[in-house]
Amino acid sequence: TVDDKYAPFLGVAMQSLVDNASDENMYIINIMTTAMNEENRAKINKYERENVKILYHDVTDLANNIKDKLYTRDYYSISTYFRLFIPNMFKQYDKALYLDSDIVILDDIANLYNIDIGNNYVGAAPDDVIATEQIFRDYAEKVVGCSSYKTYFNAGILIMNLKEMRDNDFENKFLHLLDTVKYYVAQDQDYLNRFCKGRVTILSTDWDRMPVNPDKVNDRDTLKLVHFNLAFKPWHFDNIPYQEYFWEYANKTEYIDQINEIKNNFSEEDKIRGDESHKKLVAYAKLEIACVGDDRINK
């Protein structure tokens, strides 16, 4: 789910996907967008192969229909919510992967798709960022209602059981939640965790590694996918863990000059805004925890 602003990073993700893809598999890449110009489409289309097909889906009407219900903050756009409509948009599929664009894939992505999640709604990895601060651990348990923060998952990398979601009226239940509950910390990710709890296959963080734990930096033998989420962007900052993998693939893309320009133009004011964004996130979490109290903790 991308727009023109994020097209360069989609390019890096696509480069890493095709470089690690197997000739034995067929890969269908569905790109959901409200705004991607012909120049960016032409660049992304160059990643098509005999066994890699790229399709575009204009979700402008969907965005317009729901925009008044959707809360966004900071650098997020409403496109972050589009993954929640995938089950009904793609009724021809019973299973799919949802992938954020701020990633680098270091293994055949088909190996992730082929993980069996049974009748669970999703397969996903625990969110390493949530685990780093007590305030976010409390938020996951008390506000979202997870039995443990360790089961609160990151929604940027998802194996989705589309058939099971459709059979259980996922979209209408999500729209009902939009009208009754407002999540301000992780937004769509909080909704997914609330809806899917108890029906999640927890994956290894090797398939959704975030640059927040320096103790795991040197485990390339098992690392399969790096997710540069939140402020951990090598195209903004130096010395981001795993940045070498991002630049390895970025240097192969037609976007490398644009990405370097983005990095060079990332100002001190931008960095300060990033710090302020994190502080607001903590404040939101504290406020919501104070409103809920302990009643949502599973004893």
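**Entry 1: terms and ground rules.** I took two strands as paired if DSSP finds at least two bridges between them. Helices (H or I, at least four residues) and strands (E, at least two) are DSSP runs, numbered from the N terminus. The model is predicted: local features need pLDDT of at least 70, side-chain atom pairs count only at pLDDT 80 or more, and totals for chains, interfaces and linings use all residues. Residues are numbered from 1 along each chain as its sequence is written, and side-chain values use heavy atoms, with hydrogens and water left out.

**Entry 2: the chain overall.** I found 13 helices and eight strands in the protein chain. I then checked burial (buried is under 20% relative accessible area, exposed over 50%, partly exposed in between, with a 1.4 Å probe and protein chains only). Buried residues make up 52% of the 299 residues. Next came contacts, meaning heavy atoms within 4.5 Å. Among contacts between residues at least 6 apart in sequence, 77% join residues at least 24 apart.

**Entry 3: strand β6.** I asked which strands pair with β6. Strand β3 runs antiparallel to β6, and five bridges join the two. In that pairing, L97 stands opposite I159 of β6. Strand β5 (residues 122-124) also pairs with β6 in the antiparallel sense, over two bridges. There G123 has I159 as its bridge partner in β6.

Is β6 buried or exposed? Five of the five residues of β6 (residues 157-161) are buried, so the strand is largely enclosed by the rest of the structure. In a regular strand the side chains alternate between the two faces of the sheet. I157, I159 and N161 are buried on one side of β6, and L158 and M160 are buried on the other.

**Entry 4: strand β1.** I moved on to β1 and its partner. Seven bridges join β1 to strand β2 (residues 52-58), and the two run parallel. M32 has H57 as its bridge partner in β2. Five of the seven residues of β1 are buried, so β1 is largely enclosed by the rest of the structure.

Entry 5: Rolling a probe the size of a water molecule over the atoms shows where empty space is left. The search ran on a 1 Å grid over the protein atoms alone; a pocket is an open set of points where a 1.4 Å probe fits, with protein on both sides within 12 Å along at least five of seven lines, and lining residues have an atom within 4 Å of a point. Grid points are joined across faces, edges and corners, and a volume is the space filled by probe spheres set on the points.

The second largest pocket holds about 770 Å³ of space. Its lining has 30 residues, and I28, I29, N30, A96 and L97 lie nearest its centre. The elements giving two or more residues to this lining are α1 (7-19), β1 (27-33), β3 (95-99), β4 (103-105) and α5 (110-113). The largest share, six residues, comes from β1.

I sorted the lining by class: Ala, Val, Leu, Ile, Met, Phe, Trp, Tyr, Cys and Pro count as nonpolar, Asp, Glu, Lys and Arg as charged, and the others, Gly among them, as polar. The count is 23 nonpolar, five polar and two charged residues.

**Entry 6: nonpolar cores.** I used this rule: a nonpolar core is a set of buried Ala, Val, Leu, Ile, Met, Phe, Trp, Tyr and Cys residues joined through side-chain atoms within 4.5 Å. The largest core has 49 residues, and F153, L158 and C196 have the most contacts inside it. Helix α7 (residues 134-144) gives the most to this core, with six residues. Neighbours within four places in sequence aside, C196 is in contact with Y121, V122, F153 and M165. A second, separate core has 45 residues, including I44, I54, I103 and W235.

Entry 7: V226 sits in strand β8 (residues 225-227). V226 counts as buried because its relative accessibility is 0%. From V226 to V104 I read 122 residues in sequence and 5.3 Å in space, C-alpha to C-alpha. Beyond four places in sequence, the contacts of V226 include V104, R209 and Y242.

Y242 lies in the loop between β8 and α11 (243-250). Its phi is near 70°, a positive value in a residue other than glycine. Y242 is buried, with a relative accessible area of 1%.
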